[in-house]
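Student: I have a model open on my screen and I'd like to learn how to read it. Could you walk me through some features, one at a time?

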Amino acid sequence: MATASVRAHWSNRLAFILAAAGSAVGLGNIWKFPYITGVNGGGAFVAVYLVCILVVGLPIFVSELYVGQRAQANVVDAFVLTHRPGTPWRVVGWLGLLSAVVILSFYSVVGGWVLDFVMRSVTNQFVGHSDEEIKGMLGTLFASPGRQLLWHALFMGGAMAIVQQGLAAGLERWSRILMPTLFVLLLLLLVRAAFLPGFGRALEFLFTPHTEQLTAAGILEAVGHSFFTLSLGMGAMITYGSYLRTGQELTRTVFSVAALDTLIALVAGTIIFSVVFSFGLEAGSGPTLMFQTLPMLFAKVPGGYFVSVAFFLLVAFAALTSAISLLEVVVTYWAEHHGKSRGPTVLVAGGSIYLLGILSALSTNLLEGVKVLGLTFFDLADKLTSSLLLPLGGMLIALFFGWVLGPRAADEVIGGRSRAAALLLVWTARVLAPLAVLVILINALRNW
Ligand code: TRP
């Protein structure tokens, strides 16, 4: 085990918040949240997701950051250094590495779809085209394995290039401008969506829970997504926390990142479903949802050309800042624990993840008929991580924080400001969060 002699640190508090928000805000908010909400029937799913963010997401978020910050080490060694040599808890770190690899393998494929749509925006393929034409565009990409693999390679290459440069070099400056720009653009689109005839129905769909629509699998998907969207359950936040100087305040960061992340998802959902209900689209149409709805909207707004270029570029950037947090987990572990230099590690890790991702990329064409457990490779990678590995990892991290590190750690996190808050944190981590996840996991497995 290597304890790194000199570790890089975030240059300041803002740099850290931007990095954590950059990791959290990504395809999970703009692409995945709306589509799984549509598949799961709307309001009730959203309600479960929001409760999960509060009850499960927040305590695990703070636990992960704390473990990383205290250990100043990668996902695996973090457990060893905060507990004892040889601790079985380091299995949680290994699970995290596995999750990182699998998530990034399909995440990069979707990142590639976004790049394809950047290209389509630049070459003006939305404005002046019919809704029917726009609807079929992602399908033409799906039908072309070569093009998919090329975009997948470009996206992965981009993530590798950034991680190669080391911690946040240059990225911080870009995040500072581009993340707020994405937010403003989404707000402008929201205003436009408010004038669509389907806006009211979109709000009703998202915010009126009809409990009878909820299945055990849907509830698990909501829990899983609360992990996915906040980048929890696999050590991304342990790794990012490890670049924080000890003693730096955590709770405010956690609240602001979680609030921002949730807000962006809800705004994206509102825009997308306004389009769905205005133009008679299918709410449950799945992973293609964002790629069909938003271009239709862009084709109808003033300056649609520029809006579409800006939007897809910003989403690509948001996806990239999330992807690097996944790659960083693996690279930091390999470089630090096995004492390898970062350069070759990035190449080997990124290259292997790219190769694994080929299975997901080909799920929409050549391997469409190949099913494992009834799922395509793409869906398998997604479900295995979101609905199993992340909840499991998150539950174990909560237990580790609550039982192994205990009340002293909670006091440190809360900064001695409130006994009650520290107690609440410790018992949420010990019992409430793990129990909630466990019950939901078992319930879904039973029904499956
Ligand atoms: N949170 C990101 C998103 O919503 C994806 C992501 C980045 C992630 N790092 C992660 C998901 C770690 C799970 C675990 O797009």
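Student: Let's start with the lining of the largest pocket: how many nonpolar, polar and charged residues does it have?

Tutor: A pocket is found on a 1 Å grid over the protein atoms alone, as an open set of points with protein on both sides within 12 Å along at least five of seven lines, whereas a cavity is a set of points where a 1.4 Å probe fits but cannot get out; lining residues have an atom within 4 Å of a point. For the classes, Ala, Val, Leu, Ile, Met, Phe, Trp, Tyr, Cys and Pro count as nonpolar, Asp, Glu, Lys and Arg as charged, and the others, Gly among them, as polar. Here the lining of the largest pocket has 11 nonpolar, five polar and two charged residues. Before we go on: this is a predicted model, so local features need pLDDT of at least 70 and side-chain atom pairs count only at pLDDT 80 or more, while totals for chains, interfaces and linings use all residues. Residues are numbered from 1 along each chain as its sequence is written, and side-chain values use heavy atoms, with hydrogens and water left out.

Student: What volume does the largest pocket have, and which residues lie nearest its centre?

Tutor: A volume is the space filled by probe spheres set on the grid points, which are joined across faces, edges and corners. For the largest pocket that comes to about 480 Å³. Its lining has 18 residues, and Leu220, Lys383, Ser387, Leu445 and Trp448 lie nearest the centre.

Student: Which helix gives the most to that lining?

Tutor: Helices are DSSP runs of H or I with at least four residues, numbered from the N terminus. Helix 17 gives the most, with five residues. Helix 11 (216-229), helix 17 (377-414) and helix 18 (419-447) each supply at least two.

Student: And cavities: how many are there of 30 Å³ or more?

Tutor: The count is two. Helix 15 gives the largest share, three residues.

Student: Which residues form the nonpolar patch on the surface?

Tutor: Patches take residues with over 30% relative accessible area and no salt bridge, and nonpolar side chains (Val, Leu, Ile, Met, Phe, Trp, Tyr) are joined within 5 Å. Areas come from the Shrake-Rupley method with a 1.4 Å probe, and for residues only the protein chains shown count as cover. In this model Trp403, Leu423, Trp427, Val431, Leu435, Leu438, Val439 and Ile442 make up the patch, with about 740 Å² of accessible area together. Helix 18 supplies the largest share, seven residues.

Student: Is helix 14 buried or exposed?

Tutor: Buried means under 20% relative accessible area, exposed over 50%, and partly exposed in between (1.4 Å probe, protein chains only). Helix 14 (residues 289-298) is mostly covered, with 10 of its 10 residues buried.

Student: How many salt bridges does the structure hold?

Tutor: Side chains of opposite charge can pair when their charged atoms come close. The cut-off is a side-chain nitrogen of Lys or Arg within 4 Å of a carboxyl oxygen of Asp or Glu. The structure holds 12 salt bridges. In one of them, Asp116 meets Arg120 at 2.8 Å, N to O; both lie in helix 5, four residues apart, about one turn of the helix. Asp116 is buried at 3% relative accessibility, and Arg120 is buried at 6%. Asp116 also meets Arg147 in a salt bridge, at 3.1 Å, N to O. Asp116 lies in helix 5 and Arg147 in helix 8 (residues 145-164), so the pair ties together parts that are 31 residues apart in sequence. There is a network of salt bridges as well, linking Arg13, Glu249, Arg252 and Arg417.

Student: Where are Asn124 and Leu373, and what are their phi values?

Tutor: Most residues other than glycine have a negative phi. Asn124 has a positive phi of about 55° and is found in the loop between helix 5 and helix 6 (131-135). Leu373 has a positive phi near 55°, and its place is in the loop between helix 16 (342-361) and helix 17. Asn124 is partly exposed, at 36% relative accessible area, whereas Leu373 counts as exposed at 62%.

Definitions and conventions:
Patch = residues over 30% accessible without salt bridge, like charges linked within 9 Å, V, L, I, M, F, W, Y side chains within 5 Å.
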